[in-house]
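Here's a quick tour of a protein chain, written for someone who likes to see the numbers next to the picture. Have a look at the fold, then read on.

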Amino acid sequence: MGTVLSISPASKKASIMDSEVAGEKADKSIKRHSMFVSLSWKKLVSNSAKKSAKKVTPNPVATREIPRNQVAQLNSENIRKTHQNEERKPKAPIPVPVPTVPTLNNDAATQNGRLSSVQKQTSSLSLVSPRRIVIQASTGELLRCLGDFMCRRCYKLKELNSGEVILWFRNIDRTLLLQGWQDQGFITPANVVFVYLLCEDAIADSVACPAELQGTFQTCLYLAYSYMGNEISYPLKPFMIDSNKDVFWQTSLRIINRMSAKMLQLNADPHFFTEVFQDLKNQRDTSGEANLDR
């Protein structure tokens, strides 16, 4: 035998209504809880802001606003006091340097009611710069002067002429160029003056042999090339010949010991160079003219 259960629609409706009421209560409890959370959060934020504001300005100073008319009155009083102080100060004249121009005559000047005369004293020092002497000469002219000096110094050599001395000089310079010992010629006005300085001391007037004169002259040329030349070293063969082979180094050392200071002075002192230059130019023999200029 079976049991039959029957559910009335009223009881079903009541159960549905009970469930809805329970849901509404739950929603109200959730809303109430969220409202409490939001209120507590707002209260926390406002409290923290008040604390931070109190930390930034712990002791706020109450400022008192000054009326505008009172500010203007104070400004005018300050300006008036400033003008009064400036008027009380004594006004001293500003010292200005006055340039004075000396004159040749006696000057009269009045200072503080007294008449004082100012007299210009003439200076013994001249303001004019020393005159510069300009000496010009070509290489050929200086070579001719050097040859004339050699002929005049070695008066015992009657057959010696200036052209022969110049030929000794040019042959050595040409040989060094052809053999590649130098890239450019050595014969310049400054170098000719240097050679003359050495020859003037090394060549004696007692020379009676042309070979001896040539040997001493070419020894001077070797020292001049070594001191004034553009290359680091030069060969001995063009300068050393049979007549001076035995005494070449002795003559070189004697010239170096005696003329080393003057060789340095010739390059360092322009006045000394000018003197030697002028001395060489004065050696020109005007009796016979020859055009040996390059």
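Let's call a pair of N or O atoms within 3.5 Å a polar contact, where within protein one atom must be able to donate a hydrogen and the other to accept it. Keep in mind that what you're looking at is a predicted model. With that cut-off in hand, look at the start of H8: there, a side-chain oxygen of Asp-269 comes to within 3.2 Å of the backbone nitrogen of His-271.

**The overall picture**

The chain has eight helices and two strands. Going from the N terminus, the order is α-α-β-β-α-α-α-α-α-α. Of its 294 residues, 23% count as buried. As for contacts with a separation of 6 or more, 70% of them come from residues 24 or more positions apart.

**Helix H8**

H8 covers residues 270-281, and its 16 Å from first C-alpha to last is close to the 16 Å expected at 1.5 Å a residue. Which of its residues are buried? They are Phe-272, Val-276, Phe-277 and Leu-280. Looking down the axis, these buried residues fall within an arc of 135°, so they line one face of H8. Their packing partners are helix H3 (139-153), helix H5 (189-202) and helix H7 (248-268). Turn to the face pointing away from the buried side and you'll find Pro-270, His-271 and Glu-275, which are exposed.

**The nonpolar core**

The largest nonpolar core holds 47 residues, and the ones touching the most other members are Leu-146, Phe-169, Leu-198, Leu-213, Phe-217, Tyr-225 and Phe-239. At least two residues of this core come from each of H3, helix H4 (162-178), H5, H6, H7 and H8. H5 gives the most, with nine residues.

Is Gln-218 buried or exposed? Gln-218 counts as buried because its relative accessibility is 4%, and buried means under 20%.

Met-240 lies in the loop between H6 and H7. With a relative accessible area of 21%, Met-240 is partly exposed.

| Residue | In contact with (heavy atoms within 4.5 Å) |
|---|---|
| Gln-218 | Ile-172, Pro-238, Phe-239 and Ile-241 |
| Phe-239 | Ile-172, Leu-176, Gln-218, Leu-221, Tyr-222, Tyr-225, Tyr-234, Asn-244 and Phe-248 |
| Met-240 | Lys-245, Phe-248 and Trp-249 |

Reading across the rows, Ile-172 is in contact with Gln-218 and also with Phe-239. Likewise, Phe-248 is in contact with Phe-239 and with Met-240.

Technical notes:
Residues numbered from 1 in each chain as written. Predicted model: local features only at pLDDT ≥ 70, side-chain atom pairs only at ≥ 80, totals over all residues. Heavy atoms only, no water. Buried < 20%, exposed > 50% of the residue type's maximum accessible area, 1.4 Å probe, protein only. Helix = DSSP H or I, 4+ residues; strand = E, 2+ residues; numbered from the N terminus. Expected span 1.5 Å × (residues − 1). Arc of directions from axis to C-beta. Core = buried A, V, L, I, M, F, W, Y, C linked by side-chain atoms within 4.5 Å. Lists of a residue's contacts leave out its neighbours within four places in sequence.
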